[in-house]
Amino acid sequence: MLRVLIVEDEVRLAEALGQIITEQKYQAEVVYDGETGLDYARSGQYDLIILDVMLPKRNGFEVVRKLREEKIATPVLLLTARDEVSDKVRGLDCGADDYMTKPFAPEELLARLRALSRRQGDVVLEELTFGDLKLNLSAYSLSCGTRSVHLGYKEFEILRLLMSNPQMVMPKESILTRVWGTESDAEDNNVEAYMSFLRKKFHYLGSKVTIGTVRKVGYRLEAPL
Ligand code: CA
């Protein structure tokens with residue numbers, strides 16, 4: 001059974017994470033500050049660690065750096081706030097294996113945990129692929145063959161969401177929450193506008209990938225076999 005340590009000081013989020021994980025029949029343990037997180041992680045008895053960046057006592061960067069110094073290689077998924085894009089790079093530099101921006105969909109969290117548990121912390125996630133497309137997660141660029149384009153923040157986040165969940169239809173609601181945030185008053189047609197930007201970029205790149213619309217549900221990436 002997968003044993004997951006959750007280090008998150010926002011109690012409601014920590015509990016929600018614990019619930020998502022135990023529903024998968026994984027084992028979850030929750031602590032609320034960086035110092036305790038480090039102590040627990042040092043025991044080496046976890047398969048995965050979900051680690052918030054902004055934590056009391058020790059921040060997430062310090063915790064993961066300390067663990068790596070002590071040769072504890074447990075895979076770490078860092079949780080960063082929406083606007084702290086530079087945290088991603090810093091987190092990976094410290095030795096984290098992957099990062100996820102809050103808020104996120106439970107299915108995205110689970111997909112990342114599954115990927116991390118397979119990787120066992122050896123490889124850093126740098127790109128996502130779908131069909132003939134490659135999304136570079138550090139350069140924010142999308143390429144197909146020799147062509148490449150830069151993506152704006154929202155285009156990038158939408159595409160990352162779709163490429164991280166290639167088998168599922170991504171509801172418009174989830175895209176709005178995930179990319180625009182829960183406080184935003186953005187509407188469905190904002191999502192549609194960005195889908196049309198992305199389609200134009202796919203076309204420019206000469207990609208065979210399309211964004212399929214499932215009526216009244218959402219979007220999914222499609223590629224010819
Ligand atoms: Ca926090």
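A nonpolar core is a set of buried Ala, Val, Leu, Ile, Met, Phe, Trp, Tyr and Cys residues joined through side-chain atoms within 4.5 Å; buried means under 20% relative accessible area, exposed over 50%, and partly exposed in between (1.4 Å probe, protein chains only). The model is predicted: local features need pLDDT of at least 70 and side-chain atom pairs count only at pLDDT 80 or more, while totals for chains, interfaces and linings use all residues. Residues are numbered from 1 along each chain as its sequence is written, and side-chain values use heavy atoms, without hydrogens and water.

**Exercise 1.** Determine which residues have the most contacts inside the largest nonpolar core, and which element supplies its largest share.

*Solution.*
Step 1. The largest core has 31 residues, and L135, L142, L159, I175 and L221 have the most contacts inside it.
Step 2. Elements here are DSSP runs numbered from the N terminus: helices (H or I, at least four residues) and strands (E, at least two). Those that each supply at least two residues of this core include β7 (133–136), α7 (172–180) and β12 (218–222).
Step 3. The largest share, 6 residues, comes from α6.

**Exercise 2.** Identify the protein donors of the calcium ion and state where D9 and M54 lie.

*Solution.*
Step 1. Donors are N, O and S atoms within 2.8 Å of the metal (3.2 Å for Na, K and Ca); water is not among the atoms, so sites may look incomplete.
Step 2. D9 (OD), D52 (OD) and M54 (O) lie 2.1 to 2.3 Å from the calcium ion.
Step 3. D9 belongs to the loop between β1 (3–7) and α1 (11–23), and M54 to the loop between β3 (48–52) and α3 (60–69), 45 residues apart.
Step 4. D9 counts as partly exposed because its relative accessibility is 30%; M54, at 56%, counts as exposed.
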